[in-house]
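Subject: Structure handover

Hello,

The structure is below for you to look through. My notes on it follow.

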Amino acid sequence: MKHSDNEKRLNQRHSGLEQVRKSSDFHEFSPFEEDEGLIRVAYYSSLVSDDKVTRYLLPALQEHRDRLGQPEELMDLLPFAEVMIANTEKEVVAKLMEGYVLLRMDSAEDLYVLANLNNAQTGQRQSNDTENEFSVMGPKVGFVENLDTNLHLLRQKLATPALIFETLTIGSHSNTRVVIAYLEDVTNPEIVDTMRQRLKSIDYEVLYDTSQLEEIIADQSNTMFPLFISTERVDRVTFALTPGQVAVFTDGSPYVMAAPANFLGFFVSPEDYCLPWILGSFHRIIRLLSVVFSVFATPIYVAIMTFHYEILPETILGPLIQSRIHVPFLPVVEVIFLEITIDLLREAGARLPSKIGQTLGIVGGIVIGEASVQAALTSTILLIIVALSALASFTTPIVKMANTIRLLRFPFILLAALWGGLGITIGFLMLMGHLMRLKSLGVPYLAPLYPFRTDNLADSAIRASYQYLNRRSLFLRPLTAYRYHPQSRKEDDYAE
C-alpha cells in the first residue's frame, strides 16, 4: 500500500505543470506588458518554432486583443490548423511534449487552449537514400528519422483508404509515438490484434529504435535469428503490406519493422521484382546457396583436415597437405584465427568513415592475408575458403540475417573440431529443430516449407512469373486470397 501511494504521488507530480517550469527551455510570458493577467503563453523552445510564435501567434493575439474572452472564441482567432482545448494538466503536459503552445486565460482557469506549432523538421536529415539496403534497379527512396515524413512516403506509395494507421505511445519517459500500419481489406485482424496487444503491454522507459521493439515483443527472444523484417526501404514495406503483413513505425527511427516474417523472406530483395523472373529467381537461388556455403565451408574444412582425410582424392589431398606443412596450429585454431580477423576488418571498415573504411578493408585484407601465409600462421587454401565465405555472407539483403549467418559459423566450426562430420550433422539437426520451433506473431518461421504449402512456393526460393504471383501467402491468412487476376497474353486472344 505504501509503494502504491508513493507511485500515485509521483505520477501526480509528473503530470502537473510545476515540473515543466523547471526546464530552462520552457518559456512562459504574457504578450501584453500592461495586462499580464489577460493571457499567458507557454511552450518548449526546443520543440516549437520561434518563427511561428513571433510571426503568427503574437500578431494574432495583438490584433484580436479586445476579443480575448473565452477559450472557444480564442480558438477561432488563432491562424493554425491544429487548435484544441484541454481541461487537465496531464493532457496539457503531454501536448507540450509534442510541440504545442499553451495559452492560458485567467477568465477560464480550468480550460487550456493548445495550438500545434511543432518544428518537426528541425534536425532531420534531408537525404533519404537507402544506405544499408542498396539496389541497382528499382526505387531507392528510404525512410528517415521523422515519423510523419515516413507515413507520408508510405501513403504516397499506397494511395488507398484501406491503408490504416494506428498510433500508440510507448516509453514512460520518452513517450515515443509508434504507428501500426496495415491494409484493412487484406490483413487478418488476428495479426493486427496480436501486434497491438504486444505493443500496448510494453512497459519501458525510453524507446530508442524499432530494433528494441523486435526483441521485446518477439515470440522467442532466446534466438540469434531475427523474427521480424527490419528495413529502411519504402518499397520493401509496400511489398510486406500487400500480402497481409503489418508494419510498425517508430518516431526517431529510420527502420520499419514488418511482421509476421518467415525465413525465406530475409533473402528476398525488391530488386528481384524489377528483373525478368528468370534472373530474379537465379539471384535468389544464388543467395540461398551462398548462405549454405558461408555457414558450412569452413566447418567442412576443419572436419576433413581433422578426421576425414580419406574422403579426399589424392589430387586434392596433396596440395592441402603441402599448404599446411609449415602451419603449427590445429585446423580449428587456424580457422577461428582467420574468421575473427575477417570480422575485425569488417567491423573496423563499417565504423570508420567510408573512404577510410574501404581502404582499410582492401589494404588490410591483402596485407594481413599475405603476412599470415608468409609467417606460416595459415594455409593459402583456407585463406581462399574464408574469403569466399565472407563474400557469400554479403549476398543477404537484410543486415540482421547477414549478422546471424556470420555468427552461425562458429558453433559449427567447434562441433566439426570435436566430432568431425558427425558434429556438423548434429549441429544441422539442432539448427533445423530450432527453426521449426520459431514463430513470428504466431506464424511458423519456416513457412511455406514447414508446414509445407505448395501454393506459396511461387514466391519463396524462386520468383515466378507475375501470372503466378496473383495469390497471396496463405500462411498469413489474408482476407482476400487474390492480389489481381492476370490476363491471358496468347495471340488467339487478340484475333478478330
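By class, the lining of the second largest pocket consists of 18 nonpolar, 12 polar and 12 charged residues. Here Ala, Val, Leu, Ile, Met, Phe, Trp, Tyr, Cys and Pro count as nonpolar, Asp, Glu, Lys and Arg as charged, and the others, Gly among them, as polar. A pocket was found on a 1 Å grid over the protein atoms alone, as an open set of points where a 1.4 Å probe fits, with protein on both sides within 12 Å along at least five of seven lines; lining residues have an atom within 4 Å of a point.

This is a predicted model, in which local features need pLDDT of at least 70 and side-chain atom pairs count only at pLDDT 80 or more, while totals for chains, interfaces and linings use all residues. Residues are numbered from 1 along each chain as its sequence is written, and side-chain values use heavy atoms, with hydrogens and water left out.

The second largest pocket holds about 1200 Å³ of space (the volume filled by probe spheres set on the grid points, which are joined across faces, edges and corners). It is lined by 42 residues, of which Arg346, Ser393, Phe394, Ala402 and Arg406 are the closest to its centre. Two or more lining residues come from each of helix 12 (331–351), helix 13 (354–374), helix 14 (380–393) and helix 15 (399–419). Helix 12 gives the most, with 8 residues.

Overall, the chain has 16 helices and 12 strands (DSSP runs numbered from the N terminus: H or I of at least four residues for helices, E of at least two for strands). Of its 496 residues, 45% are buried (under 20% relative accessible area with a 1.4 Å probe, protein chains only; exposed is over 50%, partly exposed in between).

The largest nonpolar core has 61 residues, and those with the most contacts inside it are Met195, Leu199, Leu213, Phe225, Met401 and Tyr445. Such a core is a set of buried Ala, Val, Leu, Ile, Met, Phe, Trp, Tyr and Cys residues joined through side-chain atoms within 4.5 Å. Helix 10 (residues 277–306) gives the most to this core, with 9 residues. Another core lies apart from it and has 21 residues, including Phe32, Leu38, Tyr43 and Leu68.

In helix 5 (residues 89–96), the buried residues include Val92, Val93, Lys95 and Leu96. These lie on the same side of helix 5, because they cover an arc of only 165° around the axis (taken from the directions from the helix axis to the C-beta atoms).

Some backbone details are worth a look. Cis peptide bonds join alanine 259 to proline 260, with omega about -5°, and alanine 447 to proline 448, with omega about 5°. Proline 260 is in the loop between strand 10 (256–259) and helix 10; proline 448 is in the segment after strand 12. Leucine 441, in the loop between strand 11 (439–440) and strand 12, has a positive phi near 55° and is buried at 6% relative accessibility. Arginine 477 also has a positive phi, about 50°, but is partly exposed at 38%.

Finally, methionine 436 in helix 16 (residues 421–437) is partly exposed, at 39%. Leaving out residues up to four places away in sequence, methionine 436 touches Leu446 and Tyr450 (contact means heavy atoms within 4.5 Å).

Regards
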